[in-house]
Every structure is written in C-alpha cells, then in structure tokens.
Amino acid sequence: MNFVMKAALGGGPPDVGKMLGGEEKEQDPDAAKKEEERQEALRQQEEERKAKYSKMEAERERMRQGIRDKYGLKKREEAEAEAAAAAEEPAAGSLTRPKKAVPTGCGDEEEEESIMDTVMKYLPGPLQDMLKK
C-alpha cells in the first residue's frame, strides 16, 4: 500500500504511474521524421544488398560460361530443351520401332480366358465345379 501511495504522489518507477491510469508522456515531435529516415535507411540497405547479390551472381555466371566454353558443355536449360524436342519429334529412320500405346495382351479377352484356364487346372475338382457355374 505504501508503494501505491508513492507512485500516486510521483515517487517510484516512472511506468507505475501509467499502470495506475496516469497520463502518458508526449511523443517526441521529431518521431515521424526519425521513423521516415529509418525506413529510408532500410530501403537503401535492401537496394545495396540486392545490387551486391546481382553482382555476385553475374560473376558466377561468367565463371560458369568460361567452364562451359572450355569443356564444350551446354547450358542446363538448353540441354533440357533439346532433350524435350528430341523426345517430342518422331524418330524418322529409327532402327527401333515406336512403342504402342497399349502393350499387347493388356485387356485382351482371349488372354484373360487362358489365365482362367490355367488357374482352373490347379484347383481341386469341387472348386472347379463351383467356379464354372
């Protein structure tokens, strides 16, 4: 109780008065200007970071291109594009025959019947009679 009295009279920690419903301190008149300067500094730092990153990436790309030129390699995107184009293009004069959409024997009724005949051979007599009905 003694502590509350001191806070009410102005003694004690400064935030106790706020907790007891006292008035808040007035904000700094330059706070908006300071905040604007801080935001501008953050934007400038972000731009510098992006510029540094793009410069590093350009240097890496130059090194990659030097290696590609030295060893006769192609860029990954170019190699993938050529592979995709070759896969889409029909093989003219190819020694291998083109693949069929549905392999032979998939879904043929004749083959299903032959499989059933094979299974029936290995079943005991009473089970065969039941399945034939």
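This is a predicted model: local features need pLDDT of at least 70, side-chain atom pairs count only at pLDDT 80 or more; totals for chains, interfaces and linings use all residues.
Residues are numbered from 1 along each chain as its sequence is written, and side-chain values use heavy atoms, with hydrogens and water left out.

Read from the N terminus on, the elements of the chain follow the order α-α-α-α-α-α. Of the 133 residues in the protein chain, buried ones make up 5%, where buried means under 20% relative accessible area, exposed means over 50%, and partly exposed lies in between (1.4 Å probe, protein chains only). The chain exposes about 13000 Å², of which carbon and sulfur atoms supply 56%; such areas come from the Shrake-Rupley method with a 1.4 Å probe, and for residues only the protein chains shown count as cover.

Helix H3 covers residues 31-71, 41 residues in number, and reaches 60 Å from its first C-alpha to its last, which is close to the 60 Å expected at 1.5 Å a residue; the expected span is 1.5 Å times one less than the number of residues in the helix. Just after H3 comes Gly-72, which takes a positive phi of about 70°.

A search of the whole structure finds 10 salt bridges, each defined as a side-chain nitrogen of Lys or Arg within 4 Å of a carboxyl oxygen of Asp or Glu. In one of them, the side chains of Glu-35 and Arg-38 meet at 2.8 Å, N to O. These two residues are three apart in helix H3, and therefore about one helical turn separates Glu-35 from Arg-38. Glu-35 is partly exposed because its relative accessible area is 38%, and Arg-38 is likewise partly exposed, at 43%.

Further along the helix, Arg-62 forms a salt bridge with Glu-59, with the closest N and O atoms 2.5 Å apart, and here too the residues are three apart in H3, so that about one helical turn lies between Arg-62 and Glu-59. Arg-62 is exposed, because its relative accessible area is 53%, whereas Glu-59 is partly exposed at 38%. Arg-64 and Glu-61 also meet through their side chains in a salt bridge (3.1 Å, N to O), and both lie in helix H3, three residues apart. Arg-64 counts as partly exposed at 34% relative accessibility, and Glu-61 is partly exposed with a relative accessible area of 27%.

Both Arg-64 and Glu-61 belong to a network of salt bridges that also links Glu-57, Arg-60, Arg-68 and Lys-75. Arg-68, which lies in helix H3, counts as buried because its relative accessibility is 14%. Leaving aside residues up to four places away in sequence, Arg-68 touches Glu-61, Leu-73, Lys-74 and Lys-75, contact meaning heavy atoms within 4.5 Å.

To return to Ile-67, this residue is partly exposed, with a relative accessible area of 46%. Together with Tyr-71 and Leu-73, Ile-67 forms a nonpolar patch on the surface, with about 340 Å² of accessible area between the three. Patches are made of residues with over 30% relative accessible area and no salt bridge, like charges being joined within 9 Å and nonpolar side chains (Val, Leu, Ile, Met, Phe, Trp, Tyr) within 5 Å.

Methods
Helices (H or I, at least four residues) and strands (E, at least two) are DSSP runs, numbered from the N terminus.
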